[in-house]
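Hello,

Please have a look at it here before you read on.

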Amino acid sequence: MKYKDIISFEPITEVVKFSRTTDREYQEALIKSFVFSDTFKDYLVPLMVSNLDFNGSNEIFGLQVVGNYGTGKSHLMSLISLIAEDETLLNLVSDDGVKSKIQPIAGRFKVLRFELGNRESLWDVITFQLTNYLKSVGVDFSFDGHGPKSYFEKLMLMMAEFEEKYPDKGLMLVIDEMLAYLKSRSTPDKLNDDLAVLQALGQACDRSKFKFVFGVQEMIYHASEFQFASEMLRKVKDRYKDIKITKDDVAFIVKNRLLRKDEHQKQMVKDHLDPFLKLFTDMHARTQDYIELFPVHPTYFENFEKIKIAKSQREILKTLSGQFEEILEMEIPRDNPGLLTYDRYWEDMQKDQSLMSEPDIRKVKEITDTVSDKIDTYFTGARASKIEVAKRITNACAIKVLQQELQKQNGTNAEHLVDDLCLTDKLASDRDFLIDVIDTAAQQIITATSGQYFDKNAENAEYHLRIEGGINFDQKIKDYAATMADGQKDEYFFKFLEINLPLDYDTYRTGFHIWEHTVEWKSHKTYREGYIFFGNPNEKSTTHPRQHFYMYFMPIFDAQKKLRNHEEDEVYFIFDNLSAEFKNAVTLYGAALSLEVRADSSQKPIYRQKIEELNKKARDLFNQEYVQITSVDYMGKELPLSGYPLPGAGASKEQVFSEVASLVFEEWFDNERPDYPKFTQLNTPVTKDNYIRLVKQALVKIANPEQSNRDGEGILSGLGLWVPGMLNYDHSPYAQSLLQMLRAKGDGMVLNKDEIMEFVERSNNLWLTKDYHIEAELQFVVMSALAALGEIEITLNSGKSINSTNLSDLKDLLPQDFYSFTHIKQPKGLNLAALKLLFTNLLGRDLSAHLKDPSTYTALVGSATDWAKRTVSLLSKIQGGYMFKGIEIISPLQASDYRIHFTAFSGLCDKLAGYTSEAKIKNFAYTVEDLNRLLPVKTTVETLENQISELSLLNEDLSYLQQARQYVTDPEFKAGIDSTVALLPAVVKSEVKKKWKSIGVNSVN
């Protein structure tokens, strides 16, 4: 059923340019086209004239004209200065009242106008312009050669020369773009000098016929960049009057009409409405009214009549007629009453230009437009289905707020919204549920607008528009964005990249968009260090040390900053083809960031929310576009980013660009370091984060070659130091080169660290070898492998040496030990005499001629280990002396002497157990004298073991004698037993003493 079945009815184009103001036609066009608002007529023009009329008696100030782009700031300055220069232009002013107010200054001045667009000091710029201008009008004056006079005094000297030539004229200086100029010189020294010039220029306006006018986008006193110079700003402010300009609005209009029904049509309407009566209390209470007025909701008229703007009944009929025209051919919905409700009238009001002339309605429209934008942004995903409901609630609140004075913030509650708008929801089968759904939607509007433009009255639960909500943050952001220079936009584009690539670590230098970075060197399974730059490649010389690559992310706004050098170690990522939508989004994001800095504490949370929203919008657009639009420029050849193999899903944008850089630089890395090691046997590549760990794993592998250690093997293999199952340097150019340098020094000479490697200037302890330019950490692995193979000894900065006998110490080294060692040297030659003595005494045979035979070391280690255990075991038995059947065999004093010599002998045996290879035996540390002192203890250990063993054999006999003595009564026989038992210690001591004295021990009693 369609609606027609149940109703019947009767149906400014360019920016003002100072450079063109010398052209007569342009001058006339500027004067004729100026439109004067009441603010201009009643306040701004009189204020300007009163401070330009040098015949006035009041104190005169300089003029600061404040207005954003498009508000007529430059137009106003041109108008005033042109008429001041040429009285004949006054007749072209369209408003007679304004004409009479400007008359006192008409034709009274010589005028110099220019726009600032450079970075020299303000005094240099102004004096250069004034000197040239004065010369052009016949005044020969130079600001130089007047000694140490102040700016003000020099201006007075200039005016003296000028007035001599033009006694009846004033000199007017008009400058635009002052704020942008000052921001480009916002360091303390430069800004304070420029502000002193501004102070002097303003001061000169009151003492002479010199007048000064300058234009800015915001008052310089309020610019956040200048707050460090607040005292000087106050002095400047005292010398100027502010001419502030604002913007105006426009709107639309439309008109409508009504209907009638017969009884049959009324029954059709009743049948249609009946299913909804349970949901809507008002419809249930006055069903007949709903039938008579269908499809118009009865409250449409009630709410229309309450609006505080006189409107005739005829106008509402016209409005409804237009709405009927729209719905005639539509099907009446089955899931909704399908009524025209009062919120619909707000849509028509917004189209009525005559209504938009009303300040209150214009203000409400501004708020609803903002709320509507917020709804579109916030109601996404699961909330998207409630966009229409949210906008209808907003429109209803617009009508409601117009029914009272705006400051009363009249509104409506959730129940009235349900009844008056006849809102439905497919999930709501009863009235209470429906009210909850509508209430939730209204609450979500509050969230979407951060409570700035839509809120709930806690006292009466009414939702309402916040008219005073007054700060339209979105518009402020847009207005500020319109003032941003291309360079500033690029700064915020770079900030966006920093956050969203992301680069979540500190910049290389404070204040520069430069980051230290690494990329993978794929063919070598390691990494290269370099830098990421945002913007200018000319800052390359500011980075130290010079690294292996430079990744440049180019600007998208400022064409002057898009130059490229095309060197082998540089790659450029170019984003010129990003969409206008993205560029606008990232500009607004930058504007929000800038405004947040200067906002007070109450506004900061709102700006932070805006920053988050705008960043998300820009990020989503960038994610959609960058792969397809980015160009990669290497050595002057551009290829699309999408043409490279890129990482899969889940990779960050930084990883994407780093992957491409890795591919681009592969050939360059090979050419730069042709002999650099390849770590292809590693499971995962070497990275900056795992580098030291992998180096230490290699050192652990050197110390324990039999222990499984895949990472250690991978590093050693890359350095040519590992063949399956063992260390070997035959295929290591780094080891061969090092040994060659050491041998070239001659026998007994050392090779100092500074002869092996050199420090990279202005680096963080980066040392590279002089031969192959590998890092100190890798070179130390090479040296450690050679030490393990008995080819060298490494002397650390502490004085400690690393050789084949103490490789376990490698695991305890610190990273700084890798580059702070002092020198390396060849091990001492073999002491064959000592080895002969060792093998003969310990093994009973001389194996010094069989040092290449692995069985030699097996026998040595086995015997040394055995004697160490036997000595320690014996020492534990005689600790504190040795008693046998109550008879003292070894006294505590004797035991103490044994302990000293036994400990030394067991220590020798422990160290001998470490000489497991020919490489290690090369570092044999004992002399013949050492062995002659220690090895005889072996015989003493053996003798004591035998004596204690023999005592155990006498255990039964001695026990028998001691027991028998208890039963003997013959004193002579008993004495014989005692004397025999007493002989036992003497016999044992006698035998031991013989052995002990043989090694020079005389303390045994």
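A word on the labels to begin with: helices (H or I, at least four residues) and strands (E, at least two) are DSSP runs, numbered from the N terminus. Please also keep in mind that this is a predicted model.

With those labels, we can start at a loop. Asn765 sits in the loop that runs between β19 (757-759) and β20 (767-769). Its phi is positive, about 55°, although Asn765 is not a glycine. Is Asn765 buried, partly exposed or exposed? Its relative accessible area is 38%, and partly exposed covers the range between under 20% for buried and over 50% for exposed, so Asn765 counts as partly exposed.

Met635 is another residue to look at for its backbone. Its phi is near 55°, a positive value in a residue other than glycine. You will find Met635 in the loop between β14 (631-634) and β15 (637-640), and with a relative accessible area of 42% it is partly exposed.

Two peptide bonds deserve a look as well. The one leading from Phe294 to Pro295 is cis, with omega near 10°, and Pro295 belongs to the loop between α12 (287-293) and α13 (298-306). The bond from Leu501 to Pro502 is also cis, here with omega near -10°. Pro502 lies in the loop that separates α22 (486-500) from β10 (514-521).

Helix α13 brings us to Asn303, which is part of it. Asn303 has 3% relative accessibility and so counts as buried. What does Asn303 contact, leaving aside its neighbours within four places in sequence? The partners are Tyr342, Ile399, Lys400 and Gln403.

Coming back to Ile393, and not counting residues up to four places away in sequence, it touches Leu417, Leu421, Leu423, Ile438, Ala441, Ala442, Ile445 and Phe454.

Helix α17 (residues 359-378) packs against helix α20 (residues 431-448) at an angle of about 100°, their axes 9 Å apart. How are α17 and α20 oriented to each other? An angle from 65 to 115 degrees counts as roughly perpendicular, and α17 and α20 are therefore roughly perpendicular. From α17, the residues Val371, Lys374, Ile375 and Tyr378 meet Gln444, Ile445, Thr447 and Ala448 of α20. Sorted by type, the residues of this contact are five nonpolar, two polar and one charged.

Helix α30 also has a partner of its own. It packs with α26 at an angle of about 5°, with axes 10 Å apart, so the two are roughly parallel to each other. In this contact Tyr691, Ile692, Val695, Ala698, Leu699 and Ile702 of α26 meet Glu777, Leu778, Phe780, Val781, Ser784, Ala785 and Ala788 of α30. These residues divide into 11 nonpolar, one polar and one charged.

The buried residues of helix α27 (residues 710-718) are Gly712, Gly714, Ile715, Leu716 and Gly718. Their cover includes α26 (691-703), β16 (722-723), β17 (726-727), α28 (733-745) and α30. Just after α27 comes Gly720, with a positive phi of about 75°.

Helix α33 (residues 854-877) and helix α37 (residues 937-953) pack at about 55°, and their axes are 10 Å apart. The two helices are therefore oblique to each other, and their crossing is left-handed. On the α33 side the contact is made by Trp867, Arg870, Thr871 and Leu874, and on the α37 side by Lys938, Val941, Glu942, Leu944, Glu945 and Ile948. By type, these are five nonpolar, one polar and four charged residues.

How values were computed. Residues numbered from 1 in each chain as written. Predicted model: local features only at pLDDT ≥ 70, side-chain atom pairs only at ≥ 80, totals over all residues. Heavy atoms only, no water. Axes fitted to C-alpha atoms, helices over the stretch in contact; angles between N-to-C directions. Parallel < 35°, antiparallel > 145°, perpendicular 65-115°, else oblique. Left-handed = near helix turned anticlockwise from the far one by under 90°. Contact = heavy atoms within 4.5 Å. Nonpolar A, V, L, I, M, F, W, Y, C, P; charged D, E, K, R; others polar. Buried < 20%, exposed > 50% of the residue type's maximum accessible area, 1.4 Å probe, protein only.
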